[in-house]
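Work through the strand exercises below. Try each task before reading its solution.

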Amino acid sequence: MSAILVASNRGPVSFTLSEDGSLSMRRGGGGLVSGLSEVAKDLNVLWVCAALSDGDRGAVRLASGGRLDQAGYDTGAVRMLDIPPATFHRAYNAVANSTLWFVHHLLYDTPNRPYFDARFRREWESYQAYNEAFAMALAEEGSHGARVMVQDYHLSLVPAMLRGERPDLRVAHFSHTPWAPPEYFSLLPDDVATELLEGILGADHAGFLTDRWGGAFMDCCETVLGARVDRGERTVTHAGRTTRIGTHSLGVDGKALWARASEPDVESHIAALRAQVGDRRLIVRIDRTELSKNIVRGLVAYKQFLAAHPEWHGRVTHLAFAYPSRHDLPEYREYTAAVQRCAEEIEDEYATEDWDPLILNVNDDYPRSLAAYRLADVLLVNPIRDGMNLVAKEGPILSPHSALVLSREAGAAAELGEHALTVNPYDVSATAAALHEGLTMPSDERARRGVLLAAAATALPPHRWFAEQLDALG
């Protein structure tokens with residue numbers, strides 16, 4: 001049994017099923033995985049995650065009890081849960097991504113959505129079942145007094161469920177998203193809002209990326225539950241238990257990132273990109289095609305910049321890497337199409353025989369993304385709302401000479417905003433002006449800001465971020 005456990009929807013590895021029936025393994029995607037994978041291996045953490053694909057389910061079925069490490073895979077200690085696909089789909093897509101994500105990122109078109117009907121109630125039952133599967137697995141795997149780190153909005157109910165099964169365990173929950181203010185959180189049905197808050201309050205320690213998100217959670221506990229909140233001590237007391245609220249701003253391991261970004265595959269992409277764009281200046285963005293990432297407004301801002309500054313025609317290229325996300329959801333398919341339409345408009349209006357003003361790539365390629373970081377003169381990070389944003393932290397490390405244009409609605413702005421060009425993400429004209437300011441910023445000023453940005457980005461690397469929360473559990 002394990003003394004330290006991590007639970008998250010996505011695990012450190014994923015599997016692909018080939019046509020001949022064989023399985024191939026690769027690193028799991030997402031910022032959470034990149035931040036935690038090495039920490040988990042170094043500390044001999046058991047990682048409990050869900051099977052997300054047919055390939056994952058195939059691997060689980062070859063492993064007794066879902067323990068991939070005991071089936072010969074080089075994964076570290078991992079237990080992958082084969083949750084019924086229909087249950088997983090309703091819990092993940094219908095509740096976690098179509099409801100909770102939308103609430104915490106304030107994404108709803110409220111005159112039309114949401115509405116909570118009988119169908120939602122069936123979906124909510126699946127979310128409960130999905131969380132229960134995690135809680136039971138953790139209860140089975142944890143040694144007496146073990147410390148359990150539950151990750152993110154997918155697993156908001158797990159702490160209370162786990163406490164009911166194993167009150168001896170010390171449990172932390174960490175939210176990698178923003179947290180909605182009470183007036184928006186209250187869009188949820190009253191009983192659902194209550195269950196979510198009480199689920200997290202089943203933890204001994206509830207962690208957030210910024211004071212702002214932790215404060216919003218405390219506000220919701222006070223407004224929705226009538227809980228006793230001590231903002232000075234940062235505690236919430238409800239139903240006879242007290243949960244401590246912590247802020248842990250996940251940073252980047254700069255040395256490890258540089259080591260990966262110096263490998264031959266990245267160098268090859270640098271050479272290919274430089275051959276493609278020549279000696280032009282580069283504005284870079286790297287994102288998923290996620291509604292909250294605000295890619296369309298970023299492209300419109302670039303288009304407005306080109307209209308206002310013809311002197312830059314032929315001298316600058318925008319590398320926009322917008323990787324597919326959540327294409328099971330119609331809103332995301334429509335948003336990806338909008339990104340592509342906007343890119344085509346820029347190309348149609350400004351491209352010449354010897355100049356591509358925009359290079360849009362929608363195929364996920366981590367080494368190519370690292371190459372783009374290293375070449376950036378300006379890094380554009382303009383989400384309308386973001387828990388933190390790893391791109392804003394990785395970029396200044398790999399390109400210390402670049403200027404960072406950063407949305408004030410990114411959690412990272414709390415740490416980086418003083419040294420970035422901070423913008424209102426809804427103000428396209430201001431974003432266009434910031435792109436111009438970034439391109440024309442004197443080199444010594446870029447260097448000064450770059451040092452400060454990199455220091456802030458690496459202030460709490462994953463090992464220390466994880467250790468802080470373990471320490472908080474005693």
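**Exercise 1: a parallel pair**

Start from Phe208, which stands opposite Thr247 in S11. Strands here are DSSP runs of E with at least two residues, helices are runs of H or I with at least four, and both are numbered from the N terminus. The model is predicted: local features need pLDDT of at least 70, side-chain atom pairs count only at pLDDT 80 or more, and totals for chains, interfaces and linings use all residues. Residues are numbered from 1 along each chain as its sequence is written, and side-chain values use heavy atoms, with hydrogens and water left out.

Task: find how many bridges join S8 to S11, and the partner of Ala206.

Solution. Take S8 as residues 205–208 and S11 as residues 241–247. Four bridges join these strands, which run parallel. Two strands count as paired if DSSP finds at least two bridges between them. Ala206 has Ile245 of S11 as its bridge partner.

**Exercise 2: the hairpin**

Task: in which sense do S10 and S11 pair, parallel or antiparallel?

Solution. S10 covers residues 235–238. Its pairing with S11 is antiparallel, over four bridges. Thr235 stands opposite Arg244 in S11. Two residues lie between the strands of this hairpin, where Ala239 takes a positive phi near 55°.
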